[in-house]
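Trainee: Hi! Could you walk me through this chain? I'd like to begin with its surface.

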Amino acid sequence: MDENNKKLVAATSAVLRYIQQEEEIYTQPCPAAAHTPSGKLRLWGLSGRQAQMQMRNLMQMKAFHGAKFL
């Protein structure tokens, strides 16, 4: 049982350390965002580009080829 506890503690500490490293990465400021001219996040533009990319992806997957408009 002692060997299993050691393995469990090692696995748990490894997972916790990984989570801490991920949090450190995501809390650091992004260097690319610092060079943007406006500094503001433009949600409408971002949303529009995302919608266009999604529509293009659906067309590429031929999602519309089965529809028949009469």
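Mentor: Happy to! One term before we start: accessible areas come from the Shrake-Rupley method with a 1.4 Å probe. Please also keep in mind that this is a predicted model.

Trainee: Got it. What does the accessible surface of the chain come to?

Mentor: About 7,300 Å², and carbon and sulfur atoms account for 62% of that.

Trainee: And how much of the chain is made up of buried residues?

Mentor: Buried residues make up 0% of the 70 residues.

Trainee: Okay, new topic. How many helices and strands does the chain have?

Mentor: There are 3 helices and 0 strands. Starting at the N terminus, the order reads α-α-α.

Trainee: Where is confidence highest, and where is it lowest?

Mentor: Helix α1 has the highest confidence, with a mean of 91, while α2 (residues 31-34) has the lowest, with a mean of 63. For the chain, the mean pLDDT is 80, and 74% of the residues reach 70 or more.

Trainee: Which residues make the nonpolar surface patch?

Mentor: V15, L16, Y18 and I19 make it, and the patch is about 400 Å². I19 belongs to helix α1, residues 2-27.

Trainee: Is I19 exposed or partly exposed?

Mentor: Partly exposed, because its relative accessible area is 40%, and exposed would need over 50%.

Trainee: What about T27? Which helix is that in?

Mentor: T27 is in helix α1 too. T27 counts as exposed because its relative accessibility is 64%.

Trainee: Which backbone oxygens does the T27 side chain reach?

Mentor: The T27 side chain reaches the backbone oxygen of E23 at 3.0 Å and the backbone oxygen of E24 at 3.2 Å. In general, an α-helix has 3.6 residues a turn, so residues three or four places apart point the same way.

Trainee: Nice. Last one: what span should helix α3 have?

Mentor: Helix α3 (residues 43-60) has 18 residues, so at 1.5 Å a residue it should span 26 Å. The end C-alpha atoms of α3 are 25 Å apart, which agrees. Just after α3, K62 takes a positive phi of about 60°.

Conventions:
Residues are numbered from 1 along each chain as its sequence is written. Side-chain values use heavy atoms; hydrogens and water are left out. Patches are made of residues with over 30% relative accessible area and no salt bridge: like charges are joined within 9 Å, nonpolar side chains (Val, Leu, Ile, Met, Phe, Trp, Tyr) within 5 Å. A salt bridge is a side-chain nitrogen of Lys or Arg within 4 Å of a carboxyl oxygen of Asp or Glu. Helices (H or I, at least four residues) and strands (E, at least two) are DSSP runs, numbered from the N terminus. Buried means under 20% relative accessible area, exposed over 50%, partly exposed in between (1.4 Å probe, protein chains only). The expected span of a helix is 1.5 Å times one less than its number of residues. pLDDT is the predictor's confidence in each residue, from 0 to 100. A polar contact is a pair of N or O atoms within 3.5 Å; within protein, one must be able to donate a hydrogen and the other to accept it, and residues adjacent in sequence count only if both atoms are side-chain atoms.
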